[in-house]
Amino acid sequence: MATRSAGILPYRWRDGGIEVLLVHPGGPFWARKDIGAWSVAKGEYVEPEQAFDAALREFQEETGLAPRGSFIELAPLRQPSGKIVSAWAVELDWDPAKLVSNTFELEWPKGSGTLKRFPEADRAEWFAVPEAMQRILPGQRGFVEELARRLVRRG
């Protein structure tokens with residue numbers, strides 16, 4: 001059975017278009033990566049937890065914000081790893097400087113025997129759709145594309 005993950009993709013209207021909020025993963029592996037490294041704030045879950053409940057929980061754990069509003073369910077995406085990611089979009093305006101992420105522990109440097117704590121998300125930022133398509137992990141681009149298509153039709 002494939003690993004499952006769920007998250008929230010916030011959006012806001014700016015200058016006649018939309019911006020989406022992405023998070024940059026924390027930890028030493030991602031420290032120097034930027035293009036193609038950002039993500040929907042998300043995390044893994046196992047049944048019987050429902051995907052939407054996991055998405056809300058994970059978003060709050062990674063950002064410190066409990067999102068509220070009318071959520072738009074986006075089509076799940078299978079990642080290159082085989083993981084299935086579900087996501088919901090919600091309109092909100094939030095200051096990324098208020099990011100408060102939970103942390104994880106990792107032996108670093110590897111093989112040193114020293115455990116260090118790192119934030120799950122080390123920063124968050126709003127991006128217009130073209131920039132978001134460059135920054136987001138390739139396997140998650142479909143979320144931004146679908147949201148942009150659906151909002152244009154609503155517009």
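**Entry 1**

I began with Asp15, which counts as exposed at 85% relative accessibility (exposed means over 50% relative accessible area, buried under 20%, and partly exposed in between, with a 1.4 Å probe and protein chains only). This is a predicted model, in which I read local features only at pLDDT of at least 70 and side-chain atom pairs only at pLDDT 80 or more, while totals for chains, interfaces and linings use all residues. Residues are numbered from 1 along each chain as its sequence is written, and side-chain values use heavy atoms, with hydrogens and water left out.

Asp15 lies in the loop between strand 1 and strand 2, where I take helices (H or I, at least four residues) and strands (E, at least two) as DSSP runs numbered from the N terminus. Although Asp15 is not a glycine, it has a positive phi of about 50°. Most residues other than glycine have a negative phi, and most peptide bonds are trans. I then looked up the cis bonds: one runs from Glu47 to Pro48, with omega near 20°, and Pro48 is found in the loop between strand 3 and helix 1. Another cis peptide bond joins Trp108 and Pro109, with omega about -5°, and Pro109 is in the loop between strand 6 and strand 7 (115-119).

**Entry 2: nonpolar cores**

For a nonpolar core I took a set of buried Ala, Val, Leu, Ile, Met, Phe, Trp, Tyr and Cys residues joined through side-chain atoms within 4.5 Å. The largest such core has 23 residues, of which Leu9 and Leu147 touch the most other members. Two or more residues come from each of strand 1 (4-14), strand 2 (17-25), strand 4 (71-78), strand 5 (84-91), helix 2 (129-135) and helix 3 (141-154), and helix 3 gives the most, with 5 residues. Which residues does Leu147 touch, not counting those up to four places away in sequence? With contact meaning heavy atoms within 4.5 Å, I found Leu9, Tyr11, Ile18, Val20, Ile72, Leu74 and Ala89. Apart from this core lies another, of 19 residues, including Ala6, Ile8, Trp94 and Leu99.

**Entry 3: aromatic rings**

I counted 5 aromatic pairs, using rings of Phe, Tyr and Trp (its six-membered ring) whose centres lie within 6.5 Å, with planes under 30 degrees apart called stacked, over 60 edge-to-face and the rest tilted. Phe29 and Trp30 form an edge-to-face pair, 5.0 Å centre to centre with 90° between the planes; Phe29 is exposed at 55% relative accessibility, and Trp30 is partly exposed at 22%. Trp38 and Phe127 are also edge-to-face, at 5.1 Å and 85°. Trp38 lies in the loop between strand 2 and strand 3 (41-45) and Phe127 in strand 8 (residues 121-128), so this pair ties together parts that are 89 residues apart in sequence. Trp38 is buried at 0% relative accessible area, and Phe127 is buried at 4%. I also noted that Phe52, Phe71 and Trp88 form one aromatic cluster.

**Entry 4: the largest pocket**

Last, I looked up the largest pocket, which holds about 470 Å³ of space. Of its 28 lining residues, the closest to its centre are Pro25, Trp30, Ser39, Lys42 and Lys83. A pocket here is an open set of points on a 1 Å grid over the protein atoms alone, where a 1.4 Å probe fits, with protein on both sides within 12 Å along at least five of seven lines; lining residues have an atom within 4 Å of a point. Grid points are joined across faces, edges and corners, and the volume is the space filled by probe spheres set on the points.
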